[in-house]
Amino acid sequence: VNFRLVHLSFGPDEKPGFNVAIFTPAPGAGPFPTIINPSFAGTPGVTAGEAPPPSTNTTRPVGFSGPVTPEAAADGFADLLHRGYAIVTYRYTQCGQDNANFRTSSFYPAYANYDWGLLAGWAWGLSRCVDYVETQPFADKDKLIALGHSRLGKLVLVAAAFDDRIALAAPAGSSGAGTGAYRF
């Protein structure tokens, strides 16, 4: 398994951004179907409490569970990697804190005139991952998959609805107003 940590930067003066961890299968150079997986866990390889540089948020992310080693993450992705998928993962709160003060965190201050909410901002962040992945030789650009659970399932639904480069949205347990029948 190959691992690398990448800092994506964009926006005014390329100052906003966040870290993503990339895992690719060891054999072959690809291109591989690529799963983009925003996660409740920390971004593998990022030190506990480390804010995504640069950021206006100087506090530890809400619900942050601490550092995730690349080795532990690779073990969790072992079946997918063995089957020939590449994985791009990151802590979702790097794209806006999961609380009422989200507009003061991440890239929101750089886009102060935008009226997007938190879920739309998270989805926009996932599309920034797609921007990067499309430039990489390891990724099969026709097989980009967005995978998320619970509120992150909603995130991937919104991202795929607005970004047609995502071939498949795979939400799991996306709850009320998610993929389930809402009226039931």
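Tutor: Let's start with a definition: a residue is buried when its relative accessible area is under 20%, exposed when it is over 50%, and partly exposed in between (1.4 Å probe, protein chains only). Our model is predicted, and local features need pLDDT of at least 70, side-chain atom pairs count only at pLDDT 80 or more, and totals for chains, interfaces and linings use all residues. Residues are numbered from 1 along each chain as its sequence is written, and side-chain values use heavy atoms, with hydrogens and water left out.

Student: What does D140 touch, beyond residues up to four places away in sequence?

Tutor: D140 touches P31, F32, P33 and T34, where contact means heavy atoms within 4.5 Å. The side chain of D140 also reaches the backbone nitrogen of D142 at 3.0 Å. A polar contact is a pair of N or O atoms within 3.5 Å; within protein, one must be able to donate a hydrogen and the other to accept it, and residues adjacent in sequence count only if both atoms are side-chain atoms.

Student: Which backbone atom does the side chain of Q94 reach?

Tutor: The side chain of Q94 reaches the backbone oxygen of N19, at 2.9 Å. Q94 lies in the loop between β4 and α3, and Q94 is buried because its relative accessible area is 6%.

Student: What makes N2 buried, exposed or partly exposed?

Tutor: N2 has 40% relative accessibility, so N2 counts as partly exposed. N2 belongs to strand β1, and beyond its neighbours within four places in sequence, N2 is in contact with I22, F23, T24, P25 and A26. The C-alpha atoms of N2 and P70 are separated by 9.8 Å, although these residues are 68 residues apart along the chain.

Student: And what is P109 called, and why?

Tutor: P109 is partly exposed too, because its relative accessible area is 37%. P109 sits in the loop between β4 and α3.

Student: How many helices and strands does the chain have?

Tutor: The chain has four helices and six strands. Helices (H or I, at least four residues) and strands (E, at least two) are DSSP runs, numbered from the N terminus. Starting from that end, the elements run β-β-β-α-α-β-α-β-α-β.

Student: How do the strands line up in the sheet?

Tutor: Six strands form an open sheet in the order β1-β2-β4-β3-β5-β6, with mixed pairing. The edge strands are β1 (2-9) and β6 (168-172), each pairing on one side only.

Student: What makes two strands a pair?

Tutor: DSSP must find at least two bridges between them. β1 and β2 run antiparallel and are joined by eight bridges, with R4 standing opposite I22 in β2. β2 and β4 pair in the antiparallel sense over three bridges, and A21 has T89 in β4 as its bridge partner. β3 (residues 32-39) and β5 (residues 139-149) pair in the parallel sense over four bridges, and the partner of I36 in β5 is A146.

Student: How do you know that β2 is mostly covered?

Tutor: Eight of the eight residues of β2 are buried. G17, N19, A21 and F23 point one way, while F18, V20, I22 and T24 point the other way, and all are buried. For the whole chain of 184 residues, 47% count as buried.

Student: Which residues make the contact between α3 and α4?

Tutor: L119, W122, A123 and L126 of α3 meet R151, K154, L155, V156, V158 and A159 of α4.
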